[in-house]
Amino acid sequence: MRIRTALAVTAAAAGTLAAIATAPAQATEYSSALKIKGVQYDAPGRDSNSCSSGNTKNEYLTIKNYSSSTTVNLKGYVVKDATGNKFTFPANHYLEPGDSVKLRGGHGTDSDAGNVVYRQNCNFIWNNDKDSIYLYKSSGARADVHSYTKSANDRDGNGYITYHG
């Protein structure tokens with residue numbers, strides 16, 4: 001987990017300095033019905049990004065609509081990692097209240113009924129040791145963000161981390 005610290009210098013009568021630490025990026029709650037539910041950042045098996053025989057389909061991000069009343073269209077939403085690799089949902093995909101979608105690597109057929117969208121790219125997006133996951137609304141506003149390290153966040157070592165339950 002990365003913690004960013006900001007220093008604020010205050011000129012007091014005694015000339016003391018005060019340090020104020022800001023909260024980790026993932027502690028911020030954004031105004032969004034959609035949140036990152038979890039990530040299978042390390043696909044089971046030996047990593048292979050071969051489109052014909054690889055396992056990039058087994059690396060996925062689960063996004064959930066936590067609203068109790070609003071259906072959300074994912075078209076235009078963006079998912080990024082720490083280095084700027086990104087995926088933009090290109091088509092209408094509706095998440096009703098309580099529904100979730102798995103954004104999978106590899107090639108496949110997107111399905112509203114199956115709640116799956118494929119990145120149509122056989123390269124892995126999430127690092128196996130540490131990374132940050134950013135979810136942006138179609139407006140460009142940040143919807144959710146989480147950072148992880150394998151050693152700190154994946155206690156059972158299965159390559160999956162749960163965030164918003």
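**Links, burial and backbone**

Author: To begin with, the structure, which is a predicted model, holds 2 salt bridges.

Reader: Which residue forms a salt bridge with D42, and which parts of the chain does the pair tie together?

Author: The closest N and O atoms of the pair are 3.7 Å apart, and a salt bridge requires a distance within 4 Å. D42 lies in the loop between β3 and β4, while its partner belongs to helix α1 (residues 150-153), so the pair ties together parts that are 108 residues apart in sequence. The residue that forms this salt bridge with D42 is K150.

Reader: Is K150 buried, partly exposed or exposed?

Author: The class of buried residues ends under 20% relative accessible area and that of exposed residues begins over 50%. D42, at 17% relative accessibility, therefore counts as buried. K150 has a relative accessibility of 36%, a value that falls in between, so K150 counts as partly exposed.

Reader: Which residue forms a salt bridge with R119?

Author: Here too the closest N and O atoms are given, and they are 3.7 Å apart. The pair links distant parts of the chain, 60 residues apart, with R119 in the loop between β10 and β11 and its partner in the loop between β3 and β4. Both R119 and this partner are buried, and the partner is E59.

Reader: How many residues apart are the cysteines C51 and C122, which form a disulfide?

Author: The sulfur atoms of C51 and C122 are 2.1 Å apart, which lies within the 2.5 Å cut-off, and by this rule the count comes to 1 disulfide. C51 is in the loop between β3 (34-40) and β4 (60-65), whereas C122 is in the loop between β10 (116-118) and β11 (130-136).

Reader: What is the handedness of the link between C51 and C122, and is C122 buried or exposed?

Author: With 120° about the S-S bond, the link of C51 and C122 is right-handed. C51 has a relative accessible area of 54% and is exposed, because the limit for that class is over 50%. C122 has a relative accessible area of 6%, which is under 20%, so C122 is buried.

Reader: Where is N115 found, and what is its phi near?

Author: N115 is found in the loop between β9 (100-104) and β10. With a relative accessible area of 18%, N115 is buried. Its phi is positive although the residue is other than glycine, and the value is near 50°.

Reader: What is the phi of Q120 near?

Author: Q120 lies in the loop between β10 and β11, and its relative accessible area of 37% makes it partly exposed. As a residue other than glycine, Q120 has a positive phi, and the value is near 55°.

Reader: Turning to the chain as a whole, what share of its residues counts as buried?

Author: The protein chain has 1 helix and 13 strands, which run from the N terminus as β-β-β-β-β-β-β-β-β-β-β-β-α-β. Among its contacts with a separation of 6 or more, 54% are between residues 24 or more positions apart. The accessible surface comes to about 8,800 Å², of which 48% belongs to carbon and sulfur atoms. Of the 165 residues of the protein chain, the share that counts as buried is 38%.

Definitions and conventions: Residues numbered from 1 in each chain as written. Predicted model: local features only at pLDDT ≥ 70, side-chain atom pairs only at ≥ 80, totals over all residues. Heavy atoms only, no water. Helix = DSSP H or I, 4+ residues; strand = E, 2+ residues; numbered from the N terminus. Buried < 20%, exposed > 50% of the residue type's maximum accessible area, 1.4 Å probe, protein only. Salt bridge = Lys/Arg side-chain N within 4 Å of Asp/Glu carboxyl O. Contact = heavy atoms within 4.5 Å. Areas by Shrake-Rupley, 256 points an atom, 1.4 Å probe, with all protein chains shown as cover.
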